[in-house]
Amino acid sequence: MRRLRHVGYVTAMAQHGKSGRIVVDLEPEEKRRLYAALSLSGLTFKDWVRDAADRFCADRDQPPLFPANDTATLPAASERIASSIGVSAGNGTETIQTPISVVSMFSGCGGMDLGFRGDFDFLGHKYRRLPFQVTWANDINAFACKTYSRNLGAEILSGDVNNLIGTMPNSADVIIGGFPCQDISINGNGAGVNGARSGLYRSMVEAISRIRPKVFVAENVAGLLNTNNESSYRQVLRDFIGLGYNVHHQVYTAADYGVPQTRERVFFVGTSLDVNSYVPPKQVLDRATWITAEQALADLEALDRNPGKNHIWSAAKKSPEQGNRRLRAERPGYTIRAECHGNIQFHYKLSRRISMREAARIQSFPDDFVFEGGLREIERQVGNAVPPVLAWHIARAVLDCFK
Ligand SMILES: C[S@@+](CC[C@H](N)C(=O)[O-])C[C@H]1O[C@@H](n2cnc3c(N)ncnc32)[C@H](O)[C@@H]1O
């Protein structure tokens, strides 16, 4: 709940009045204290009550008191998402949580990091701030680093992790990383974890063994679990378990968590013996309620090309090999790929491929997240990212390990 200066808590009764309006009852002395605190904090009464009520209802697993304004096109999905996000203290006061420090490897443009931080909006829902705080981040791609610092406002080291691993802090509560997957990916060359890039997961193993975080989260393509990658998969699991952690791994379908995309990714979550075991987040949607491409993109249909908003698209003609799929309006988008060389999926209605802003929507990035670089660079960053909304749900489950 948004913190008010000089006020620890406020006791109020809120109910639906006969006219359908929300009525808030406050004792006169409480009211005086509240209004003084609101003016000191620069908040309006309406915004503060809305925020407090949303969090209270979410915490008690009750339907929201205030229906979301802007989710008219997503009725079933919207309600289920609304009841799955925004949990807070629940006793009417703000709990001040100690930051949980995070080392972020292979951070890319920051999709996973944004999910761990929270405090962003997507399709009319607010994904609340979580207490994770990145203390070290790195990526080899200079454009991804520019995007990262622009949007996350945090420092990131640009360069090869092999040269920078020595600059990591000695301690951190959590290590996260989507280790490069091109060698394993079904779109890659299938070289497995012994390939030049997937072998980079070994630097995650090294970082975990040095820093000994309480929790680590490693992400990769679901194809790692395919039978043709069995030896790679077994090796990754053996190495992680060998570090002395309980390791939970599972394939997540992003659409089940409110991302308008059928992307599947595996997450390995390791927990040390001094924290609670990891319990994966519950699905918030199912096939019947998945957010469709049209629901996610309709309001962008009339928008002209706009490089400032990353609303630019590839003019690549149909390729004989891949990337010829047209989005279907009534289902979520297909997996956004990093190495598609302009052959990204076509719009479900317009006679062009989807724009980078539309691809970012399909990946659940908020609209104010702006990517640096030209079309090709943005395509790579968006396609590489962990969808922030999926990462947020996983981060919230990781938070429970610390309770
Ligand atoms: C799957 S992406 C991670 C995306 C990121 N987790 C996100 O959510 O946006 C893998 C990242 O590893 C980076 N990478 C590849 N080789 C690297 C290296 N040697 N050192 C550091 N980063 C590297 C790539 O540039 C890419 O951004």
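1. A quick definition to start: two strands pair if DSSP finds at least two bridges between them. Strands here are DSSP runs of E, at least two residues long, and helices are runs of H or I, at least four long, both numbered from the N terminus.

2. Please note that this is a predicted model, in which local features need pLDDT of at least 70 and side-chain atom pairs count only at pLDDT 80 or more, while totals for chains, interfaces and linings use all residues. Residues are numbered from 1 along each chain as its sequence is written.

3. Seven strands make up an open, mixed sheet, ordered β7-β6-β3-β8-β9-β11-β10. At its edges are β7 (157–158) and β10 (246–253), each pairing on one side only.

4. Now look at β3 (residues 100–105). It runs parallel to β8 (residues 174–178) over four bridges, and it is also parallel to β6, over five bridges. V102 of this region stands opposite V134 in β6 and opposite V174 in β8, while M105 faces G177 in β8. Five of the six residues of β3 are buried (20 or more other C-beta atoms within 10 Å of their own, with C-beta atoms placed from the backbone).

5. Finally, the ligand. It is surrounded by 22 residues (C-beta atom, placed from the backbone, within 6 Å), the closest being F106, G108, G111, G178 and A385. Both α4 (111–117) and β6 (132–139) supply at least two residues of this shell.

Key
A residue is buried if 20 or more other C-beta atoms lie within 10 Å of its own, exposed if 12 or fewer, and partly exposed in between; C-beta atoms are placed from the backbone.
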